[in-house]
Amino acid sequence: MTRSLLSIEDLRIGFAGSERLAVKGIDLAMAPGERLGVVGESGSGKTLLARAILGLLPPGAQRRAGRILFDGQDLTDLSPATLRHVRGRRIGMVFQEPMVSLNPALTIGRQLGEGLILHEGLSAAEVRRRSVEMLDAFRMVDAANCLDKYPHEFSGGMRQRIMIASALLLRPALLIADEPTTALDVIVQKQVLDLTLAACRDLGTALLLITHDLGVVADCCERVLVMRHGDPVTQGPVDPVLLRPSDPYTRQLLHSLPRRQGVETAPAAPAPPLLSIKDLRVAYPARRRGLFRRPPARPVLHGIDLSLARGETLALVGESGSGKTTLGRALLGLAPVAGGRVSLDGQDIATLSAPERRALARRVQMVFQDPFSSLDPRWRIARIVGEGLTGVTAAERATRVAAALSDVGLGDGFADRFPHELSGGQRQRVAIARAIIMKPDLIVADEPVSALDVTVQAQILSLLKDLQRRHGFSYLFISHHLGVVEQVADRVMVLYRGHVVEEGARDDLFDRPTHPYTRRLMAAVPEILPDGDGFRAGHRPLPAPVPLPGLTPVEQGGVLTLLQGGHRVRCAAP
Amino acid sequence: MGAYLLRRCLMTLPTLLIVAVIVFLLMRLVPGDPVSVMVGDMADPATIAAITRNLGLDQPLPVQFLHWLGNILTGDFGTSITTGEAVLPAMLHRLGVTAQIVLISMTLAMLIAVPAGMLAAWRQNKGTDMVITGLLVLFISVPSFWVGLLLILLFGVELGWLPTVGYVAITDDPLRGLLYLILPCASLVLVEMGVVARMMRSGMIDVLRLDYITHARAKGLAEGPVLWRHAFPNAFAPTLTFIGLLLGSLLGGAVVIETVFTLPGLGRFLVDAIEARDYPVIQGCLLLVAMIRILVNLAVDLAYPLLDPRVQL
Amino acid sequence: MSRGWTRGAWALAALAGMVPVAAASGTLTVALNADIRSTEPGVNRDTNSDMVLAQVVEGLVATRADLSVAPMLADRVDMADEGRTYIFHLRDGVRFHDGRVLRAGDVRWSWDHWMDPARNWTCRSFYDGTGRGVKVLSVDTPDDLTVRFTLDRPSAVFLAQMASTQCPLAILSPSSVGADGHWIAPIGTGPFRLGEWRRGQYVMLDRFDGYSTRSDEASGLAGAKQALVGQVKFLIVPDVTTSQTALLSGGVDIIPALPAAAGQDLKRFSGVRVHEQELLSWTVLLLQSDDPVLSDVRIRRAVAHAIDRDGIAMVATNRLVTPNPSAVPRVAPQHGPAHDEWPTYDPEKARALLREAGYAGQRIVVQTNRRFPNMFDNAVLIHAYLRDAGFNADLAVLDWASQLSNYQKGRYQLSSFSYSARFDPALTYDALIGDRAKRATAQWYSAQAAALLDRANRSADEVERQAAFDALHHQMAADVPIIGLYNGVAVAATRANVTGFHNWAANLPVLWGVAKEGE
Amino acid sequence: MTRFLSRPNAALGLIFFSFMLLAAAWGLLATPYDPLRPDVWARLQAPSALHWLGTDGFGRDVFSRLLVAAWVSAGVSMATVALSVTLGTAIGAVAGYLGGRVDDGVTVLMDALMSFPAILLALGILAAIGPSPGGVVLALGLAYTPSVVRVVRGSVLSLKEREFIDAARVLGHGPLRTLLTHVIPNCLTPLTVLATAMFGNALLSESALSFLGAGVPPPAPTWGGMLAEGRQHVQAAPWLCIFPGLAISMALLGINLLGDALRDLLDPRMNKL
């Protein structure tokens, strides 16, 4: 390390009115142009660390000790006015939520140009030229026009490009990016990261990347700092610190990453399927705009066929807007079905009477994505878990609740607590207990682990698998996370804009992705895979594309064509 | 844009119709009838019946309603039963008085309240904020009519500096007209200021937490531009909606202040009309007030995109 | 504390000159507490409208200050056919404000105008036989200066009715209405003509230079009338405090009607004169004798004993008047010692009577309103007195319209009320006495009383009428069909330089003969 | 609770508010004088040892009347809040939960009601049903219902997005049961904040109505009514205008401070500091 651009010495941050520290003595150094990743689970203090550098701690947070040297200058010593000269001009910053980090009331041009005018005093024309140039570098279509638009006119990925462009416009020596791509879909995430890395490289800008995603760090960064509960766990080059970890916590993190475990494919089930769906269509009624006119409903699912055997786990994969969640909800009567047939155990649900349908419905349970939202905050755990039980005595109810809780690994102590007293993982266990107490045949698990930290995620996934082995129910497992799907699924369906583009047994699909969309999806994810006694980072190697005629974008229709062994892919009609 | 405008205007129609029905029915439920007030204790039943017939008050309710509604659609709010004045011009005249007070006090209140609210939010939980919020909660806790009475006691009775009651049209005598407005406006300003500043403060606090403010600071912007350029438009938008609501209600709801200072405003007109069972005036006033409020809301809705481009026309 | 406070304030208010500035000389500014209701006499009216229009229009006859009737536009009135025919001989040379000379045809036109049902004239029923009054069979004009009214029966009150201050039979020029019959403005014969009326702000009257005055002494609305100022401006000042301030600073010359307390306040200032005038109006507590509880005369007497009328009169009028239990106004010549007879204030006795009548705490509601502060104050006190005497009394504060409507339909137990001025005691008794089944506003159904009233109505002999009135009150003190509290008091205030102002029992200050000095 | 009271505004608010409650309790139990009993020979007396706050135009003891008025005002305001919260919650929850035409209808009706300033609507209703304590409660209750409906409907709409509502449906529960067991209990937090604010508003409106002569009718004393009466004697007895106003302001200050503290406590967004 020649000369350090940024060096942090013994930084400690706490909150007003509390002795406890949220950041407990971080030391860190970055060379010019270097890319450093800071990883950690929630509560690790990584965001506070990032904000402290520019003196932008949230209200209540205080720097208790430590120095932050930038270019040899102690930032903590600077007057507000001098510090403002560093902000933006020398150090740029990008935040996680593209929806709220651009000011909705100002045009893109104004927000981009603001820094240039302030720090470099350029003329309006010059500002405009530089802005267009930078947007071009970020591959924004029709950059000149973008300047006169407002943030809400852009998608999340576009906004994040604009955000990063605006931060890099002043050619800062350091860019701090706090989870810049977490809210984005994987394909978009890859585009944004690639563009950012390229721009940083061009400008010689150092990158401090804050993220929870080990794959991203391994993919983008040269060095890494792992944090846990405010402590620096380990620090150093990505290889070996991340790829051949000696530190137990880092090892735990890496081992928790979801990945295929063993070669285990569900037996081809000759028995009649538990669930069978034919040509399911869902359309959401449009919001009424006039007095009398109601525009046509917005179709979300365009005729899905699906069948699921007992004890099988079928995963639905797709980006946001693919319709995967809607499919799950439609099964449970939570989304308006516009057409098609759903039958459970051979019984067509549409032909049943309301009570029969309700009784049948109890055999299908759901585990929701957000464990904070899926438990009524005013109910105690025992009541939540036992909510679905009807016609049982109080004693029986208590017994069954206790059994369900112990099934999901929660002891007696939890029954009388409220949801807010539980951690995220514990809540998700409660949600699972609520589902299994009904002795269901099928559990729809909608992104059950995506709100959880990676270590907790691993525990919940193995719990789900374990429960399935013991109780024998089927899962319809919905996730955007390919790694998770690869770990749990027997079969996988890939959805794109309401169509199934590819489906097949897990190994078939992951090893031989055929549809261009599936391939793009897989190629976008940076992964860390075991490699001997260490790990290896990078993108999944794809087999050569199958020369299948008529593979088309889904908008142009097409039908699912069988390749082999239940592996189907959408192609043009023969 | 034009189509939206039209649609948005059309959407107010059912509301207006229901308002009209409410107004009409409410007044027909009222005990006592206008004719007895007109004739006093001197008349006999025959006269009363004749006058009732002449005023059309003996017709079935739906007929009276349709008749009334039809007239209103042509701009005819009828004539006051007690004074024989045409209701619409009389109401507009009174509305002018109320509007002066409400608009002047609201303008003053906003000029003080918006910066005060922003300052308090900016210095949240610091000394400045404590002082400002303390004052604001005091302002909203003191009823305007009591403030009015105290002002009368102080400036009218004790000091004798200002006229305490009555009204001179500004158009008749600008200087004296203004003098008569000082105390009523002053009593309204306090409360309005309290309400608006609290609204502004909480809106501002919400906005100041958002990433784009941190982002603006991270760009090196000084606090002035951060507050005024970035935070203000976003924080002011909900406050504007609220001020619209407040204006709409004050135009009819300043009745208490009008009573304290005996101003010939719209609210007082309505209260007097209720006393005299002057149906056309009561109906006209209630309808006018509701219409104003609906129109102000409409105007605010239409102005909203100027502050918040996310809201599309 | 308050005295010093207020006095200083008044002085300062006057000094500071923030209050309205004096109007130009030759204009008399009169503060009205509310706008007039219309310019149609006797149609849509109140006290303010009556006062303004009394300066503008005249009738064939007019009421003197002693409440007797005198000829006005008529030079003299002859009676014939045992009081069934009235012949009015008009004065020659009387001009309307539009310059036309008054002729018998105008009287006939005015009569037809008022009797047209479409005009909603309040007093039509006094003349067309639908009410309790006479029926005018015909009105004809033998010549230009003679008008003859023929009635179906004699009436002692026909002329008094015609001279009523509330709905006078006003003689107007036909130009008062438009071609299609819509009302324009009263084109009368009075000493002032109606000028600009800006609603809610002021009514202007201009001196009528073509006025031909009578020569007999001015009294009430009768006699000589001389306008001494060029203009009268009735300024609408709804608030008492404002008008007081304006009077002190000279912005207003006359406040014709003030609350009693405000009058007391003003007495302290040297530049102001306060005029107090006892009136004909009669403030009462109505009793519903048909009510199951109040139908027992002992209960009604208990009510009478429970109420301290002195206390009520003091609060309501600042002790300006003594209570008057009788329907005969204290200012009327017929009011004598006989009319002071009444159950005394004695809560013990009231309790005893209640026990005797077996009163078991039935609820009794006193109705009142806020429109008229004196009725409200009376009711608050009556309610407290009744509770004190062991009544289970409640107070119901209604709006005036509802209370009035209840009065007209007889829907009340006790009602704090006030009868407006009636110029002959017989007219007041007439309002009280009658069969409730036929007329819900009647208070007192007693054959004996009805007979006495009939005597007073028909007789023209003052001694005989006096005897009837005395007997009526004696009977009333025994029956207690109504509880008389006091006659109203009008308090007016003028600046000291205003001369010739006075009020009279009809509460209708006149502005002829009034001048401003030294300006 | 301790945490709640450690806030300065909560503690101060509680002190002011308990003044009102104390006065109300005192007014309910016993007063130095009969608040209704006039003594016309001792009217308009300045504050003295005999009459702490003086006497009014009928010679009634102002202090006794203030105490009883506290009880009247507190009672009316509480009943008003209870009425509008009950009514508004029922309507808002059903409309928000069912959606569709019911919701459209309710929304238009509430919009219409809300286009009247609350005090004018209350005046209109009171004109129709006549003044009585119950009438004031009904009029103000109806006038405030739309704002409760709005808040509850908003909460229900956002609760409907919450997954525990879906979870209840998945468990096979009908809409009514879900509404009663999940939706309404979860509206309680915003409702508590709203109810506190409304209590203050109701108190203020009740005073204003009484001041206009349309509120709780005499002889029951009310603060607004006492102010209106005092206004007639502003020259002779200015103290009649001061004490009732002071009482209203102190009560309102207490409620507003408590309300602010409660909102800070219950609204997690505001509480995050």
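Modeller: Contact means that heavy atoms lie within 4.5 Å. Chain A and chain C do not touch, and 42 Å separates their nearest C-alpha atoms. This is a predicted model, in which local features need pLDDT of at least 70 and side-chain atom pairs count only at pLDDT 80 or more, whereas totals for chains, interfaces and linings use all residues; side-chain values use heavy atoms, with hydrogens and water left out. Residues are numbered from 1 along each chain as its sequence is written, while chains are lettered from A and ligands numbered from 1 in the order in which they are written.

Five pairs of chains are in contact, and among these chains B and D share the most contacts. To this interface chain D contributes 42 residues and chain B 48 residues. The size of an interface is often expressed as the accessible area lost when the parts come together. Buried area here is the accessible area (1.4 Å probe) that two parts lose on being put together, summed over both. Between chain D and chain B it is about 3800 Å², with 76% given by carbon and sulfur atoms. D:Phe116, D:Leu120 and D:Arg231 supply 15% of the area that chain D buries against chain B, more than any other three residues.

A salt bridge requires a side-chain nitrogen of Lys or Arg within 4 Å of a carboxyl oxygen of Asp or Glu. One such bridge is counted between chain D and chain B: D:Asp260 pairs with B:Arg198, their closest N and O atoms being 2.8 Å apart. There are also seven residue pairs in polar contact between these chains, both residues at pLDDT 80 or more. A polar contact is a pair of N or O atoms within 3.5 Å; within protein, one must be able to donate a hydrogen and the other to accept it, and residues adjacent in sequence count only if both atoms are side-chain atoms.

Helices (H or I, at least four residues) and strands (E, at least two) are DSSP runs numbered from the N terminus. On the side of chain D that touches chain B, the elements giving two or more residues are helices H4 (100–114), H5 (118–129), H8 (175–211), H9 (223–232), H10 (239–266) and H11 (268–271) of chain D. H10(D) provides the largest share, 12 residues. This side of chain D divides into 29 nonpolar, seven polar and six charged residues, where Ala, Val, Leu, Ile, Met, Phe, Trp, Tyr, Cys and Pro count as nonpolar, Asp, Glu, Lys and Arg as charged, and the others, Gly among them, as polar.

In chain B, 22 residues of domain 1 are in contact with 14 residues of domain 2. The two domains of chain B bury about 1600 Å², 77% of this from carbon and sulfur atoms. In domain 1 of chain B, B:Arg8, B:Val23 and B:Met27 lose the most area to domain 2 of chain B, together 30% of what that side buries. Between these domains of chain B there are zero salt bridges and one residue pair in polar contact, both residues at pLDDT 80 or more.
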